[in-house]
Amino acid sequence: MKYDVFISCKSDKYNLAEKIYNFLTTNGVNVFFAKDILKKIGSADYGETIDNALDQSSHLIVFCTSASEVEKATSPYVHYEWTTFNNEQRSGRKSGNLITILKDVNVADLPIALRKMQSFSYDNFEETLLSYVETPERKVEFAKVNKIEADALYESAMKYKTGNGVALDIEKAISLFEQAGNLGHGKSFNELGNIYSENESLGIDYKKAIEYYKKGVNFNSGESCCNLGCMYRDGAGVEQNFEIAMRYFNLGMALNDGSTYGEMGYMYQDGDGVEQNYEKAIEYYKKAIELKNKLLDTKDAILIVFAIVVGILAKK
């Protein structure tokens, strides 16, 4: 069985170490904690169980209330556990963290091998410990949970933004989009950008819009790439710059955003920042239609009509 964290401490300190165990398990961390295990399996199998758990653990936490509790003479089991893990780190077989949580102990009093490791106070380890005991598997799991939560926040925010089934409330929508964005939801940052670039009742604020669009780009929002490209192409809130516009449009197309392909079509249709090229315009319009898969607005209808008309003319 794989463990995220192995907690090492003297058996007479189990009651104190339970605070650490409870905190970690409540936050979804899979922990090996040897409290009462000796009673269950007997002393004959205890050593083998410890070795297996150490082998299968990503990180190790040493908890102590005095420096002597990590020394071989007074705490042979604890000493064996942390030195074994440390040797695995040094050999390159383990990449996780060896951490100390100390109660009434100065870091300077620890053996040098532990002294250089990350250390937390027993009184406030909860503030940052979780970031030190991450594993790839936990990151994937949290990403799944965050996506579910973020999607729900986004859907709720859209209702408040549009007044669909609830009273229109832009401030509430902004708050919900912010919460979803903080969970890595790129589309929410894009919607925040839209609000500040389009909502006249709130007050147009291109600077804020650009900040949110850039956050959306960081979370792979093709819509944000498209909107930033349009702002730089049109000089909306920024100095007009076709080179930067093309950079964002290329990012949007790499993310298969249909609107971005449409905007590229417009640029080649009108020769806006590029050499006019109807064939390329048609190519981009067709891709935009293919990705959107349906008419979303009047603009899409124009794309289709233009593609058809120019296509006919091009064949003559």
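On one side of helix 9, Lys207 and Asn218 are exposed, exposed denoting a relative accessible area over 50%, buried one under 20%, and partly exposed a value in between (1.4 Å probe, protein chains only). Helices (H or I, at least four residues) and strands (E, at least two) are DSSP runs numbered from the N terminus. The model is a predicted one, in which local features need pLDDT of at least 70 and side-chain atom pairs count only at pLDDT 80 or more, whereas totals for chains, interfaces and linings use all residues. Residues are numbered from 1 along each chain as its sequence is written, and side-chain values use heavy atoms, with hydrogens and water left out.

The buried residues of helix 9 are Ala209, Ile210, Tyr212, Tyr213, Gly216 and Val217. These residues cover an arc of only 165° around the axis, which puts them on the same side of helix 9; the arc is that of the directions from the helix axis to the C-beta atoms. The buried residues of helix 9 pack against helix 7 (170-181), helix 8 (186-198), helix 10 (222-234) and helix 11 (242-254), contact being defined as heavy atoms within 4.5 Å. The length of helix 9 (residues 206-218) agrees with expectation, because its 13 residues should span 18 Å at 1.5 Å a residue and its end C-alpha atoms are 18 Å apart. The expected span is 1.5 Å times one less than the number of residues. At the start of helix 9, the backbone nitrogen of lysine 207 has a side-chain oxygen of aspartate 205 within 3.3 Å. Just after helix 9, asparagine 220 adopts a positive phi of about 60°.

Helix 7, one of the packing partners of helix 9, was examined in the same terms. Its 12 residues should span 16 Å at 1.5 Å a residue, and the end C-alpha atoms are 16 Å apart, which agrees. Ile170, Ala173, Ile174, Leu176, Phe177, Ala180 and Gly181 are buried in helix 7. At the start of helix 7, a side-chain oxygen of aspartate 169 comes to within 3.3 Å of the backbone nitrogen of glutamate 171.

Across the chain, the secondary structure comes to 14 helices and 5 strands. Of the 316 residues in the chain, 43% are buried. Among contacts with a separation of 6 or more, 54% involve residues 24 or more positions apart.

An open sheet of 5 strands has the order 2-1-3-4-5 and parallel pairing, two strands being paired if DSSP finds at least two bridges between them. Strand 2 (31-33) and strand 5 (119-121) are the edge strands, each pairing on one side only. Neighbouring strands of the sheet are turned by 25° against each other on average, direction ignored. Axes are lines fitted to C-alpha atoms, for helices over the stretch in contact, and angles run from 0 to 180 degrees between N-to-C directions.

Strand 1 pairs with strand 3 in the parallel sense over 5 bridges, and tyrosine 3 stands opposite serine 57 in strand 3. The parallel pairing of strand 1 with strand 2 is made over 3 bridges, with valine 31 in strand 2 as the bridge partner of valine 5. Strand 4 (residues 98-102) is joined to strand 5 by 3 bridges, also in the parallel sense, and isoleucine 101 stands opposite phenylalanine 120 in strand 5.

Two helices that lie across the sheet strands were also described. Helix 1 (residues 14-26) lies across strand 1 (3-8), strand 2, strand 3 (57-64) and strand 4, and runs at about 165° to strand 2. Helix 4 (residues 76-91) lies across strand 1, strand 3 and strand 4, and runs at about 140° to strand 3. Glutamate 88 lies in helix 4 and is buried, with a relative accessible area of 19%. Leaving aside neighbours within four places in sequence, glutamate 88 is in contact with Arg93 and Lys94.

Aspartate 257 is placed in the loop between helix 11 and helix 12 (258-270). This aspartate is buried, at a relative accessible area of 10%. Not counting residues up to four places away in sequence, aspartate 257 touches Gly222, Glu223, Cys226, Gly252 and Leu291. The side chains of aspartate 257 and threonine 260 are joined by a polar contact of 2.7 Å. A polar contact is a pair of N or O atoms within 3.5 Å; within protein, one must be able to donate a hydrogen and the other to accept it, and residues adjacent in sequence count only if both atoms are side-chain atoms.
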